[in-house]
Amino acid sequence: MSPVPPEINVPPRLAETRQRMAQALQENGRPATAAQLIAISKTKSATEIRPLLRAGHRLFGENRVQEAKTKWPPLKAQYGDVELHLVGPLQTNKVKEAVALFDVIQTLDREKLARKLAELKGESSFPRLLIQVNTGDEPQKSGVSPSELAAFYELCRDELALRIDGLMCLPPQGEPAGAHFVLLGKLAAQLGLDTLSMGMSGDFETALALGATHIRVGTALFGARD
Ligand SMILES: *Cc1c(COP(=O)(O)O)cnc(C)c1O
């Protein structure tokens, strides 16, 4: 008996999000392949994640190393082509675990972390890296200040020989996100970087209009978190 084609079993929220994403790309004259959907599965159980995997979705993001470590190894063993992104702050004492588990770390945000990562560069599982930019210069938020980004990028690239793929941001709450997405795009262009991780459930269409290559969507795919 042949397996059911995955498209038949797409969960409605995944289908709808894919549809909205495709439409936003099309309306902005961007190819359908210009951006990728990262399903942010933080706080969601393996049982809630599996329907997306069964529907063929492979890009996921988590914000805590510890939580990801309990959930993802069995899922990754079953679905070998899963790509797991870390989208939350990374403590230096968890870098080794993070390097082993994640395919992309989106939250490189300080020199100490960059130096720790550079020590592990030789590992076969070494992840791709994005720098998190604190576009709103919010004191409580992690991320490199826009004014310090060029120097930090050069430290990573030249002194530490870390390859940086792009930038990520998390705009201030209660502010229109568009200006922050524009800023992130400008900063990336100045550095010659082409990966832009920006846009969440509430604003991913805006992000796609402004050049996002990766959107990070939780609530719209899984429903509200407790
Ligand atoms: C939780 C989270 C998201 C997803 O947020 P939703 O509003 O649920 O789509 C995206 N990015 C980061 C960094 C997050 O922590």
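Me: How far apart do the centres of the positive and negative side chains of the protein chain lie?
Reply: Lys and Arg count as positive and Asp and Glu as negative, while His and the chain ends are not counted. Each charge is placed at NZ of Lys, CZ of Arg, CG of Asp or CD of Glu. On this basis the protein chain has 27 positive and 26 negative side chains. The distance between the centres of the two sets is 5 Å.

Me: From which number are the residues counted along each chain?
Reply: This is a predicted model, in which local features need pLDDT of at least 70 and side-chain atom pairs count only at pLDDT 80 or more, while totals for chains, interfaces and linings use all residues. Side-chain values use heavy atoms, with hydrogens and water left out, and residues are numbered along each chain, as its sequence is written, from 1.

Me: How many helices and strands are there in the protein chain?
Reply: Helices (H or I, at least four residues) and strands (E, at least two) are DSSP runs, numbered from the N terminus. Counted in this way, the protein chain has nine helices and eight strands.

Me: What radius of gyration does the globule rule give for 226 residues?
Reply: The rule is 2.2 Å times the number of residues to the power 0.38, and the radius is taken over C-alpha atoms. The radius of gyration of the protein chain is close to the value from the rule, so the chain is as compact as a globular protein of that length. For 226 residues the rule gives 17 Å.

Me: What percentage of the 226 residues is buried?
Reply: A residue is buried under 20% relative accessible area, exposed over 50%, and partly exposed in between (1.4 Å probe, protein chains only). In the protein chain, the buried share of the 226 residues is 51%.

Me: What share of the contacts with a separation of 6 or more joins residues 24 or more positions apart?
Reply: A contact means heavy atoms within 4.5 Å. Among contacts in the protein chain with a separation of 6 or more, the share from residues 24 or more positions apart is 57%.

Me: Which two residues form the aromatic pair, and is the pair stacked, edge-to-face or tilted?
Reply: Rings of Phe, Tyr and Trp (its six-membered ring) pair if their centres lie within 6.5 Å; planes under 30 degrees apart count as stacked, over 60 as edge-to-face and the rest as tilted. The count by this rule is one aromatic pair. With centres 4.9 Å apart and planes at 45°, the rings belong to Phe 60 and Trp 72, so the pair is tilted.

Me: Is Glu 83 buried or exposed?
Reply: Glu 83 lies in strand 3 (residues 83-86). Beyond four places in sequence, its contacts include Phe 60, Asp 103 and Arg 128. Its relative accessibility is 18%, so Glu 83 counts as buried.

Me: How far in space is Phe 102 from Pro 127, C-alpha to C-alpha?
Reply: Phe 102 lies in the loop between helix 4 (95-101) and strand 4 (104-108), and it is buried with a relative accessible area of 1%. Pro 127 is among the residues that Phe 102 touches, as are Val 65, Leu 84 and Ser 125. Phe 102 and Pro 127 are 25 residues apart in sequence, and their distance in space is 6.3 Å.

Me: What is the relative accessible area of Arg 115?
Reply: Arg 115 is in helix 5 (residues 111-119). Apart from residues up to four places away in sequence, Arg 115 touches Leu 155, Glu 159 and Leu 160. Arg 115 is partly exposed, with a relative accessible area of 33%.

Me: Near what value is the phi of Ala 161?
Reply: Most residues other than glycine have a negative phi. Ala 161 is in the loop between helix 6 (149-159) and strand 6 (166-169), and at 47% relative accessibility it counts as partly exposed. Its phi is positive, near 55°.
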